[in-house]
Amino acid sequence: MTPPFKNRPIAGAGLGLRSPHYGDLMAGAADVPWLEVLADNYAHGDGLPLWHLEGIRERYPVVFHGVGLSLGSADPLDSAYLDTILDLARRFEPAWYSEHLAWTASGGRHHHELLPLPFMEETVQTLVDRVGQVQDRLGERMLVENSAAYTAFDASHMTEAEFVGRVLEEADCFLLLDVNNLYVNARNHAFDPLDYLRGLPPHRVAQMHLAGHDDHGHYLVDAHGSAVAEPVWELYAEAARLFPGVPVCVEWDREVPGFEVLVAEMRRAGQAMRFEEPDSGKVTPHAP
Ligand SMILES: [Fe+2]
């Protein structure tokens, strides 16, 4: 059978697709170069969400993003879940598929939360094995996202940057660098996010995320319910300089604002990305 995935080029700054904006997108209310689709929202049967996605896909390139694979779990890989993602991929031909460096299920129970992992050898090997299984099914390489974490483990014996880099190289996959998650973790766990960025293998960085967080004073929460914070924009500027041309998208999941607000954030991300390429004003299409 034809592999369901064939990674394709995507360029510039895009948006996470959210249902309140279906109408604006179908009306072409702004020039949006691509959309990130949360595949789990379309994974159960037909109906209105898939009808909307059909229309959206006719007009926009999409990438798939998932939250339910539980890559970091010690359980056997959920083959039925992956089958559903692959069926959707055959239908909608996303440019690529990303998931999180986290776990969401254990013993057959789903916790509906991206739970953190200890940064240790056994976890690296678990992830390398499971990413390999997924990529065998995809027939392509996938992207993995650095997750926000609110706890740290005594068992960790490497930094998060070392951990992520090991998984990327040994599993031969790509990174979806969530700049907000990096900033949140750097504040919550007191490390330098610039050291983290400079420690990543540049050839593995294939996409970035921007989102808002809640600031509770002595800790931050990756809440996706507000505009991207200024320190995250500053960190993104450095990431865009280190990883030029890498596509970025803005995520907003709670209290989703009007389309124009998201578009303004998207355009700001696009301007920050192009800062290093003032001559052309264009971003090179990028495929992992
Ligand atoms: Fe993200």
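The model is predicted, and the secondary structure of the protein chain comprises 9 helices and 12 strands. With a radius of gyration of 18 Å, close to the 19 Å given by the globule rule for 288 residues, the protein chain is therefore as compact as a globular protein of that length.

**Overall fold**

- Along the principal axes, the C-alpha atoms of the protein chain occupy a box of roughly 50 × 45 × 35 Å, and 42% of the 288 residues count as buried.
- When contacts between residues at least 6 apart in sequence are considered, 79% of them join residues at least 24 apart.

**Helices α6 and α8**

- Helix α6, spanning residues 179-189, packs against helix α8, spanning residues 230-242, at an angle of about 115 degrees and with the axes 9 Å apart, and the crossing of α6 and α8 is right-handed.
- On the α6 side the contact involves Val-179, Asn-180, Leu-182 and Tyr-183, which meet Pro-231, Val-232, Leu-235, Tyr-236 and Ala-239 of α8.
- Sorted by class, the residues in this contact between α6 and α8 are 8 nonpolar and 1 polar, with no charged residues.

**Strand β9 and its partners**

- Strand β9, made up of residues 205-210, is mostly covered, with 6 of its 6 residues buried.
- Strand β8 (residues 174-178) pairs with β9 in the parallel sense over 4 bridges, and Leu-177 has Met-208 in β9 as its bridge partner.
- Strand β12 (residues 248-250) also pairs with β9 in the parallel sense, over 3 bridges, and here Leu-210 has Val-250 in β12 as its bridge partner.

Technical notes
Residues numbered from 1 in each chain as written. Predicted model: local features only at pLDDT ≥ 70, side-chain atom pairs only at ≥ 80, totals over all residues. Axes fitted to C-alpha atoms, helices over the stretch in contact; angles between N-to-C directions. Helix = DSSP H or I, 4+ residues; strand = E, 2+ residues; numbered from the N terminus. Left-handed = near helix turned anticlockwise from the far one by under 90°. Contact = placed C-beta atoms within 7 Å. Nonpolar A, V, L, I, M, F, W, Y, C, P; charged D, E, K, R; others polar. Buried ≥ 20, exposed ≤ 12 C-beta atoms within 10 Å, placed from the backbone. Pairing = 2+ DSSP bridges. Rg over C-alpha atoms; globule rule 2.2 N^0.38 Å.
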